[in-house]
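Subject: Handover of a structure and its findings

Dear colleague,

Please find below the structure that I am passing on to you.

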Number of protein chains: 2
Amino acid sequence: MFESAEIGHQIKKAEFDRQTPLLRQALLTAQYKLLEQNKAAVIILVNGVDGAGKGETVNLFNQWMDPRHIHTHAFGAASDGERDRPDMWRFWQALPPKGRIGILFGSWYTDPIIQRVMSRQRGQDRDKRRSADSDQTRHNERDAHCTAVFEKQLARIRDLERMLVAEGAAIVKLWFHLSKDAQAERLRTLSAKKSTAWRVTKDDWRQYKHYDEFIEVCELALRETSTGEAPWHIIEGSNHAYRSLAAGNLLLNALDRTLKGTTASLTPAEPLPERSLDKLSISNTADYSRSLGRASYERQLTKLQGELSLLTRHKRFKERSLVLVFEGMDAAGKGSTIRRITGAIDARLFRVVPIAAPTDEERAQPYLWRFWRQIPARGHAVIFDRSWYGRVLVERVEKLCKPTDWMRAYHEINEFEDTLTDSGSIVLKFWLAITRKEQLKRFKLREKTPHKNFKITSDDWRNREKWSAYELALSDMIDRTSSEIAPWNVIASDDKLWSRIEVLKRMCAAIEKTL
Amino acid sequence: MFESAEIGHQIKKAEFDRQTPLLRQALLTAQYKLLEQNKAAVIILVNGVDGAGKGETVNLFNQWMDPRHIHTHAFGAASDGERDRPDMWRFWQALPPKGRIGILFGSWYTDPIIQRVMSRQRGQDRDKRRSADSDQTRHNERDAHCTAVFEKQLARIRDLERMLVAEGAAIVKLWFHLSKDAQAERLRTLSAKKSTAWRVTKDDWRQYKHYDEFIEVCELALRETSTGEAPWHIIEGSNHAYRSLAAGNLLLNALDRTLKGTTASLTPAEPLPERSLDKLSISNTADYSRSLGRASYERQLTKLQGELSLLTRHKRFKERSLVLVFEGMDAAGKGSTIRRITGAIDARLFRVVPIAAPTDEERAQPYLWRFWRQIPARGHAVIFDRSWYGRVLVERVEKLCKPTDWMRAYHEINEFEDTLTDSGSIVLKFWLAITRKEQLKRFKLREKTPHKNFKITSDDWRNREKWSAYELALSDMIDRTSSEIAPWNVIASDDKLWSRIEVLKRMCAAIEKTL
């Protein structure tokens, strides 16, 4: 995979000087057009071997183009706020908005690769110490596990990148390479000169020793993530002129394709049927017969709130986080249920996020961005009053996005929740189901009650007309996103009291099980 | 000051149960009206003595009102990302947008008060160890210094709060108090019961020992920051019913006043004159005679960029940060100057922030918020292409805000820059001055050159018509905001080459001086 980047590519200075002004001008023009179109972001990932010119190229891009519209982020060790959230969180925070170029220096590839290299080294160190057959078996098992973790991370990255492309971004993945010999020579040359010796640390030499293992892991990573929509480009890094022109031309290409709107697009799937074959649906097959008297409700509420309060103060909860999702037709009781939950949790630990129309900063990003920015740190809870499921509910029904967009959303959402769960979040999803009849009753009550008046708008009546379209979307949603790690809880909610208690019961049980 | 909060206020449970539903209903209604008006934020600061019911009250507010529209932030120890920025930064990030209620639990008062108490304790410990007269003098000097620091912090808080109120926010400052006896009793009661003993830590008892000093410092803080526009309210904390009703009623009051638009408003000052007495101005008295040949420019540019590059890689720079501000008439050369600077700094260390129209998230906050969110961490640089000075330039000239708003902005801006400087930022401000004639020349050139075409719009021609109004605003701006800590550098920029070199020279000199 790296063969063609070890053959000593180079370009003469005169040729470089001739080509550079043209390239710069073209890049700058393309950058301004991108800004003017304001339709797509271009994300440049900069990775590769140490000393292969990554930093220099990032600086060059900032010199060649207008740095005012480039968002450069360098990722080193995670800060404490970042460590308390899923690994991907900090990259989401750094995504460039539409119209801009974002450079991620040290991207979502860096940590998985380094972890994998380190786990292999630990394995080898153990091998040196022991040699019995049983140890060998154990070693193999351990290594297989680490490989599986690594491959899962790579699969997740593929999904992320596919989603970004589908959301209109172009991803330019640059890998700067140096052969083992070239790297050794570079370290020696730097060390020899007084003025550059400080740039070579002990770490550099240590890393150099593990060059082969590192490259082997990288090779796998690149192979598994070089997809049609976001291929890797390997650039030989030893010659400044060659490297710079190669990187610049790749970027120019990507910009041009983005401007023409000919970026990789995904095959549109056959959209799901627009009507149900029979009249059965999740909401009309729920069991609405259950109800609860006021006295029993009060008693159980107090007990369950106490339980929930203890659970969120449990010392093991400090290592987890809680993501609650509430969905349901209008007037299903989402708000009032949420208040029974927040009433039991210390206000310092939770945040309720009501989802309405996105702000313009949110609109300039992939649709999941607005949820990623709200992801709780360890020890905290976030309660979403409506959520990312809007993509496959209201956006589908109201045709606010294309069928290909909501079709791909099911998988993207599953991936998102899987990422959350993997990082220690407890993800609980509730669909508060009510009957059409009960909704009508509540709408009328809201119209009559002065302090509930603000809760009912003409939108609500309009949505009600689309009941069956919503029911269909709901069915598809539950079929496709009720996973083992984050199952949907469909709660019959015509009886508010029973519904609230049921939600609290399931919450407490799920949290207790995890802790 | 705390006398009336040590007299054993209490309310009977029956009375509490009678009043609570009415209060809750009123609070909820007010909260929804606030949301609907979407004009002002309500900021609740929760401070006071440990164990006086702060946390309980925060929880109660979240139970009484709709938690979906309350932003609760608890401030403990700062995270590493927060420590790398001015102290106020994390509070700015937590300000509620218009229409919302924000609860800051442990507010901008906490750290200054605790620091002051600790510095006094350190002083007393030293006193115990030594007793010579000379030591006494030294002690007094040290204490006077700490007092001065504390008072400066309080003054800064007053300014911050005044500004927030002027921007339309209401600030409700709640101080929960317990007398020394009441606190001792509380700690004893909690310790006695098995189920609550865990809530009392060694720290609590240690803090209790220093109760008197703590109260003395708090007394000063409250006295100095209880202003007409943002007064403190002291609430006796020992009785749950009394405390809750008192806090709830204070909040309701503030909400009602906010809804009626009768929050504290500042005396409008006499606006500054709309025309100059003579024809002299900053831009036409700059010395435009200086110019530079291309060869000399190239030579100096290389030298200065090298210098700047070294300075930003200096180990002491890791403890500072750099805030650069570029202002100037259209076509003054801000963009091209900035590119000569960024060309010398590692792209991982700087961010260029071009200031255009605010996003809707920014519009829902005080005008300085969009700049606070961009403040660099230690070791980093942010370059503003236009800045907070828009408030006293374009917003003044185009009448986008009221005279009282831009009139108060001078002081607010000085405070802002003082805060930055105090936290270790180097703040450098450049006004690139060009003559009206030179601007015309550049406009025409832009119109003719295809790849510069996008840079010239009808807005530019319109602004040009208001040249003299801008000149007047500029004069006032420089008179009022060119301070010793952050002076304005007015650079005659009709000759672009000379101007760029001059900017780089001054930058390098200023940074070198600070490091």
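This is a predicted model: local features need pLDDT of at least 70, side-chain atom pairs count only at pLDDT 80 or more; totals for chains, interfaces and linings use all residues.

Chain A as a whole

Chain A has 515 residues, and buried residues make up 52% of them. Its secondary structure consists of 21 helices and 10 strands. Along the principal axes, the C-alpha trace of chain A spans about 85 × 60 × 45 Å. The accessible surface of this chain comes to about 24100 Å², with 51% belonging to carbon and sulfur atoms. If one takes the contacts in chain A between residues at least 6 apart in sequence, 82% of them join residues at least 24 apart.

The size of an interface is often given as the accessible area lost when the parts come together. Between chain A and chain B, the buried area is about 3500 Å², and carbon and sulfur atoms give 55% of it. On the side of chain A, the residues that lose the most area to chain B are A:Arg68, A:Arg339 and A:Arg348, which together account for 19% of what that side buries. In terms of residues, 41 of chain A are in contact with 41 of chain B.

Polar interactions also join the two chains. There are 14 residue pairs in polar contact between chain A and chain B, counting pairs with both residues at pLDDT 80 or more. Several elements of chain A each supply at least two residues of the side that touches chain B, among them α1 (13-37), β2 (70-74), α13 (334-342) and β7 (350-354). The element of chain A that gives the most to this side is α2(A), with six residues. By type, the residues on this side of chain A divide into 15 nonpolar, 13 polar and 13 charged.

The count of salt bridges between chain A and chain B is four. In a salt bridge between the chains, the side chains of A:Arg373 and B:Glu361 meet at 3.0 Å, N to O.

Single residues

Is B:Thr57 buried or exposed? B:Thr57 counts as buried because its relative accessibility is 2%, which is under the 20% cut-off. This residue lies in helix α2 (residues 54-64) of chain B, and its side chain reaches the backbone oxygen of B:Gly53 at 2.6 Å. Leaving aside neighbours within four places in sequence, B:Thr57 is in contact with B:Phe176, B:Arg243 and B:Ala247.

Two residues of chain B deserve a look for their backbone angles. B:Asn38 is not a glycine, yet it has a positive phi of about 55°. B:Asn38 is found in the loop between α1 (13-37) and β1 (42-48) of chain B, and is partly exposed, with a relative accessible area of 47%. B:Lys399, which is not a glycine either, has a positive phi of about 55°. B:Lys399 is found in the loop between α16 (394-397) and α17 (403-422) of chain B. B:Lys399 is exposed because its relative accessible area is 64%, which is over 50%.

Finally, A:Arg257 lies in helix α10 (residues 240-260) of chain A and counts as partly exposed, at 39% relative accessibility. The C-alpha atoms of A:Arg257 and A:Asp203 are separated by 40 Å, and the two residues are 54 residues apart along the chain.

Yours sincerely

Key: Residues are numbered from 1 along each chain as its sequence is written. Chains are lettered from A and ligands numbered from 1 in the order in which they are written. Side-chain values use heavy atoms; hydrogens and water are left out. Contact means heavy atoms within 4.5 Å. Buried area is the accessible area (1.4 Å probe) that two parts lose on being put together, summed over both. A polar contact is a pair of N or O atoms within 3.5 Å; within protein, one must be able to donate a hydrogen and the other to accept it, and residues adjacent in sequence count only if both atoms are side-chain atoms. Helices (H or I, at least four residues) and strands (E, at least two) are DSSP runs, numbered from the N terminus. Ala, Val, Leu, Ile, Met, Phe, Trp, Tyr, Cys and Pro count as nonpolar, Asp, Glu, Lys and Arg as charged, and the others, Gly among them, as polar. Buried means under 20% relative accessible area, exposed over 50%, partly exposed in between (1.4 Å probe, protein chains only). Accessible areas come from the Shrake-Rupley method with a 1.4 Å probe; for residues, only the protein chains shown count as cover.
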